[in-house]
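Hi everyone, thanks for coming.

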Amino acid sequence: MSILASLFAPPVKASAPRPDDAFWYRAAGPESATGVRVSADTAMRASAVWGCVRLISETVASLPLSIYSRTEDGGRKEATQHPIYTLLHYRPNRLQTSTEFVQMLTASALLRGNGYAEIVPGPRGPVDQLLPLHPDRVTPEETTSGIRYRVMRKNGQTDYLLDEDLLHLRGITSDGLLGLSIIEYARETVGLALATESYGARLFSQNARPGGVLTHPSKLNQETADRIRASWQQAHAGLGNAHAVAVLEEGMKFEPVGMTNEDAQFLATREFQAEEIARWFGVPPHMIGLTSKSTSWGSGIEAQSINFLTYTLLPWLRRWEQTIARDLIVADGYYFAKFNVNGLLRGDSAARSSFYSLGRQWGYLSVNDIRGLEDLNPVENGDIYLQPLNMVEAGTPPAPPSPAPAPPATGGARAHHALLVQDAAARIIRREVAALTKAAQRTAADASAWSAAVAEFYTDHAQYVSA
């Protein structure tokens, strides 16, 4: 089409949203009392909400997450051969790193109360990939045989996933099924924060308050007042005339307009709303920039970090660990997920040196333990634990360190792979029982429909088992 033709062409009417676009045509969220619509997306425009969600989700995602196996002596060791280890430690799917994945689901649970990821089987076993799903597209439903999830795909298709096929990270919940959204309960707090920010932006954009006032000892007519105003603007307005020397005549005075009580109250309101939002998320105010509120969370960096870990992060770390055990690990009596929080508990160099010295002196830390806490490689003969002389019975020489116990004959790789096989078999059987139970309830009065449902299921189930 030529340029002229395109200019005079009739306007194209916007088409109705397609089924796959319906998600993006929704309203911006319920309206708060201030008139501002507040949803999980619009709430992120408030700097305090963004700061709280970013702080919690990024910190949780930055902590090392590993799969461990329990040892016979009550200890633990990293299960690096477990297929879920590489899934959670490095790459849960083809597009995301583990940090991006954990941060995304944590942020979803913070804002919407729920974080979802579809479990996809493949070369690594029944859990080959974890594909995140937008929480607004997923609806949990209780049935007589358990829980299923209705998922609206981007192309408009609706699928139903079993509980076995989904990882579900919940926030605070009142029914045990669906997490509660902080934004829904904090709608008025967030709405007021957005309204005050919008008011301040309009105030400055429209230049509603003058910078100063020119006063004259006598009464001026309109023409003289306009002439003085125009000459003052010409001489002192603009960046090029900033801080220029003012020459006043006929007893005129310039009186700058300072901050009024209303201005001070406006700033206090903005700070109070930011503090309120931090309270909703359980975040120390000083960690989102409110430095005047730091004393109540400890007097030192180490104390503040410990309080943040204990009261804010720990509940989310436990949610993640127990969700992984419930949805991804069947043999959770032997394997378990654990975050490493040692990096958050480090003090300054003097405090760490004192802690390491005491641990080495009293025998509960070895050289390699200390080097591991400092992210250093182990050294030869570094696993020896010292024993203080005054802790040994008189006349009894210190016993040499006992050698490490040999692995049991029935353990090792064979036991590890046996548990993996049991894990995969249990997941397959649970999926089969759940699907056939639902099919039987759906086709109870129709034998031909039952036969067709069984044949259809085992056609798909064979591909699932072979994967």
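In what order do the strands of the open sheet with β5 stand? The order is β5-β6-β7, an open sheet of 3 strands with antiparallel pairing. A quick word on terms: strands are DSSP runs (E, at least two residues), as helices are (H or I, at least four), numbered from the N terminus, and two strands pair if DSSP finds at least two bridges between them.

Before going on, this is a predicted model: local features need pLDDT of at least 70, side-chain atom pairs count only at pLDDT 80 or more, and totals for chains, interfaces and linings use all residues. Residues are numbered from 1 along each chain as its sequence is written, and side-chain values use heavy atoms, leaving out hydrogens and water.

β5 (138-143) and β7 (158-162) are its edge strands, each pairing on one side only. β6, residues 146-152, pairs with β7 over 5 antiparallel bridges, and Met152 has Thr158 in β7 as its bridge partner.

Now look at another open sheet, with 3 strands in the order β2-β1-β11 and antiparallel pairing. Here β2 (76-78) and β11 (335-339) each have a single partner strand, so one side of each has no neighbour in the sheet. β1, residues 65-70, joins β2 over 3 antiparallel bridges; Ser69 has Lys77 in β2 as its bridge partner.

Last stop: helix α4, residues 98-112. Is it mostly buried or exposed? 11 of its 15 residues are buried (under 20% relative accessible area, with a 1.4 Å probe, protein chains only), so α4 is largely enclosed by the rest of the structure. Among them are Phe101, Val102 and Leu105. After α4 comes Gly113, with a positive phi near 90°.

Key: The expected span of a helix is 1.5 Å times one less than its number of residues. Buried means under 20% relative accessible area, exposed over 50%, partly exposed in between (1.4 Å probe, protein chains only).
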